[in-house]
Amino acid sequence: APWMPFVEGPRFWVGLAPFLTLKATDVYQSEKYTQDIDFMKLIQVAEGRIEAYRQGNLPLSKVFDVNKMGKLLALTDLVGNYHTLALNNTRYYYNPVTGFIEPIAYDNNNINPLSKLSFIGAGRRFIDQENEDSDWEWPLAVFRDKLLFKKYIESLEEVSDKDFLDRFFLETEGEAQDKLKLLHRSYPFYEFDKKEIFYKNQEYI
């Protein structure tokens with residue numbers, strides 16, 4: 001785990017649509033850990049918490065790291081693309097130190113003007129968990145949790161600060177150039193031309 005070098009936790013693919021009979025989780029490389037009793041216990045704990053959320057027995061903020069979830073949602077607004085939030089693209093890490101499940105941003109495939117879309121949280125409202133008319137569609141279901149919604153708004157405020165993108169591009173410039181050189185081996189004419197969209201989305205937010 002990046003936070004605790006000597007503590008490893010399971011990484012999951014999670015089907016988070018509540019009340020479905022589909023298996024809730026799929027653990028990466030689980031066959032490697034079948035003899036690791038401690039690791040298998042972590043899997044049981046994580047699966048139990050995910051299932052409790054799926055069944056409506058625990059709120060999202062008691063299961064997931066809402067700081068990281070809120071940040072991920074705000075970042076999808078910043079890039080103007082929600083592909084990474086699709087159920088078949090979601091990846092998660094169970095942090096055995098905090099006891100929370102953390103999202104892993106994965107497979108974003110484009111950068112689009114946010115003005116042509118909408119905020120992922122636009123028009124969401126808090127609805128009683130028992131209300132059958134409320135939205136259980138993933139990822140919109142996360143906005144039923146007030147604490148998550150609060151962290152999402154805070155993250156929007158963070159990513160809308162011009163310094164946020166200025167620092168990002170400055171700190172990643174060297175790595176970006178290395179990746180461009182690698183891409184140019186197969187796509188010699190490719191140039192990254194999305195920076196303006198990033199800043200326009202930031203201003204829109």
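Helix α2 gives the most to the lining of the largest pocket, with seven residues. The structure is a predicted model, and the largest pocket in it has a volume of about 1000 Å³.

**The largest pocket**

- Of the 35 residues that line the largest pocket, I111, F168, F169, F192 and F198 are the closest to its centre.
- At least two lining residues come from each of α2 (66-79), β4, α4 (162-171), α5 (173-183) and α6 (195-204).
- By class, the lining of the largest pocket consists of 19 nonpolar, eight polar and eight charged residues.

**The largest cavity**

- Three cavities of 30 Å³ or more are found when the whole structure is searched.
- The largest cavity holds about 50 Å³ of space.
- Its lining is made up of L72, T84, N89, T90, R91, Y92, P103, I104 and A105.
- Five of these lining residues are nonpolar, three are polar and one is charged.
- Strands β3 (91-94) and β4 (101-104) each supply at least two residues of this lining.

- Strands β3 and β4 run antiparallel and are joined by four bridges.
- One of the bridge pairs links Y94 to its partner I101 in β4.
- Six residues lie between the two strands of this hairpin, and G99 in the turn has a positive phi of about 80°.
- In a regular strand, side chains alternate between the two faces of the sheet.
- In β3, R91 and Y93 point one way, while Y92 and Y94 point the other way.
- All four of these β3 residues are buried.

**Helix α3**

- Helix α3 covers residues 146-159, and its 14 residues should span 20 Å at 1.5 Å a residue. The C-alpha atoms at its ends are 20 Å apart, which agrees with that expectation.
- Which residues of α3 are buried? They are L148, F149, K151, Y152, S155, L156 and V159.
- Viewed down the axis of α3, the buried residues fall within an arc of 160°, and therefore they line one face of the helix.
- An α-helix has 3.6 residues a turn, so residues three or four places apart point the same way.
- K146 and E157, on the other side of α3, are exposed.

Technical notes. Residues are numbered from 1 along each chain as its sequence is written. This is a predicted model: local features need pLDDT of at least 70, side-chain atom pairs count only at pLDDT 80 or more; totals for chains, interfaces and linings use all residues. Side-chain values use heavy atoms; hydrogens and water are left out. On a 1 Å grid over the protein atoms alone, a cavity is a set of points where a 1.4 Å probe fits but cannot get out, and a pocket is an open set with protein on both sides within 12 Å along at least five of seven lines; lining residues have an atom within 4 Å of a point. Grid points are joined across faces, edges and corners, and a volume is the space filled by probe spheres set on the points. Ala, Val, Leu, Ile, Met, Phe, Trp, Tyr, Cys and Pro count as nonpolar, Asp, Glu, Lys and Arg as charged, and the others, Gly among them, as polar. Buried means under 20% relative accessible area, exposed over 50%, partly exposed in between (1.4 Å probe, protein chains only). Two strands pair if DSSP finds at least two bridges between them. The expected span of a helix is 1.5 Å times one less than its number of residues. The arc is that of the directions from the helix axis to the C-beta atoms.
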